[in-house]
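Thank you all for making time this morning; I would like to walk through one model with you, slowly, and keep to what was computed from its atoms.

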Amino acid sequence: MAVRSARIIATGSAVPDKVLSNADLQRIVDTTDQWIVEHTGIHERRICTDGEATSDLAVRAAQQTLARSGVSPEDIDLVILATVTPDYAFPASACLVQDRIGATNAGGFDLEAGCTGFVYALCVGAAFISAEMYNHVMIIGADTLSKVTDWTDRATCVLFGDAAGAVLLGPCERGSGVLSYVLESVGALGHILDIPVGGGRCPLTPENIGEGKHLIQMDGHEVFKQAVRRIPQVSQKAIRKAGLKREDISYLILHQANQRITESAMKRFGLSKEKVLSNVDRYGNTSNGTIPLLLDQANQEGKFKPGDIVTLVGFGSGFTDGAVVIRWG
Ligand SMILES: CC(C)(COP(=O)(O)OP(=O)(O)OC[C@H]1O[C@@H](n2cnc3c(N)ncnc32)[C@H](O)[C@@H]1OP(=O)(O)O)[C@@H](O)C(=O)NCCC(=O)NCCS
């Protein structure tokens, strides 16, 4: 039995300056502000410029986190970057971040678990700390989905944006910090949300690039259905594992994909609206960026009090889902 747990020492985040509104999208594809708002709750999203990549956002989020933490970069033991849009196939973008933030004594690796990656990464980092392997682990969720979005497909391009968020984990006594987590995947559903070409199975060719197969493909109905079914289940499992009840949750931060998914899933879970945070209206779905961005914004607003039960829940390509229960403070 682990004698110690992991807590969040500080949070940070970063978004690109460029705002892409629904009105802007109306000029790119056959859509309307009304359709996008009614079907997704999204009003605008942030988009990188051509020269900006995932590691640039990740570095900004990590630097802000470090500045707020009082921990020096040399004291970071490990950098884990959850992303589906790394700068390169290799080297890992986590290593680029490790170098640029001056974490000279840290190891680094990327973690890919679809949009659930940040939740997975947080649990992996917490496990290293509980096992007394490391004292300070930087967990970053960052993505630039705009680079892999099909800007001719109105069913997907209205959904996505770019962002990064980070947390610095450090040790604490058992019973506070990370209390429990559940990580799940259903590999048989991989095809409902994927980028089918560009890897070892189907290398890039002029033909498949011409067909847009190197960009996000999605069965929106199936993703919606799976998300709404699985989110309440995994949330319930994690809460039970922590020895708590649904009513004990102070705040729940769900992966920001679509406001309708959030509302349907939370209705099924039976959690009251004021406990469910949201910012999808301003940023859209930024994949691994959503949860740490919202967590940081809520933290900076002073929402969380010591002892609050904050639950983070992710879902996404894989099909993956996961939940982590944290006692704040
Ligand atoms: C994508 C999604 C918003 C579509 O919403 P929906 O209510 O299911 O809409 P439908 O796909 O049934 O489309 C309804 C109509 O709107 C049209 N439509 C689709 N996108 C449109 C857009 N941006 N603007 C206007 N019309 C659009 C469709 O072509 C369809 O028209 P038709 O009835 O003439 O065929 C919804 O399925 C969804 O959110 N899925 C989950 C996506 C997700 O979160 N993915 C990431 C998970 S990590």
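What we have here is a predicted model, in which local features need pLDDT of at least 70, side-chain atom pairs count only at pLDDT 80 or more, and totals for chains, interfaces and linings use all residues. Residues are numbered from 1 along each chain as its sequence is written, and side-chain values use heavy atoms, with hydrogens and water left out.

Let me start with the ligand. There are 23 residues around the ligand, and those that come nearest are Thr31, His39, Arg154, Gly220 and Asn258, where a residue counts as near if one of its heavy atoms lies within 4 Å. As for polar contacts, which are pairs of N or O atoms within 3.5 Å, and which within protein also need one atom able to donate a hydrogen and the other to accept it, with sequence-adjacent residues counting only if both atoms are side-chain atoms, an oxygen atom of the ligand lies 2.6 Å from a polar side-chain atom of Asn258. A polar backbone atom of Gly220 is 3.0 Å from a nitrogen atom of the ligand, and a polar side-chain atom of Trp35 lies 3.2 Å from a ligand oxygen. Of the 960 Å² of accessible area that the ligand has on its own, the protein covers 73%, by the Shrake-Rupley method with a 1.4 Å probe, where for residues only the protein chains shown count as cover.

Now to Asp308, which lies in the loop between helix H11 (290-300) and strand S13 (309-316); helices (H or I, at least four residues) and strands (E, at least two) are DSSP runs numbered from the N terminus. The backbone nitrogen of Lys305, however, lies 2.9 Å from a polar side-chain atom of Asp308.

Finally, Thr311 is in strand S13 and counts as buried because its relative accessibility is 0%. Leu254, in strand S11 (residues 251-254), is buried, with a relative accessible area of 0%.

Terms used: Buried < 20%, exposed > 50% of the residue type's maximum accessible area, 1.4 Å probe, protein only.
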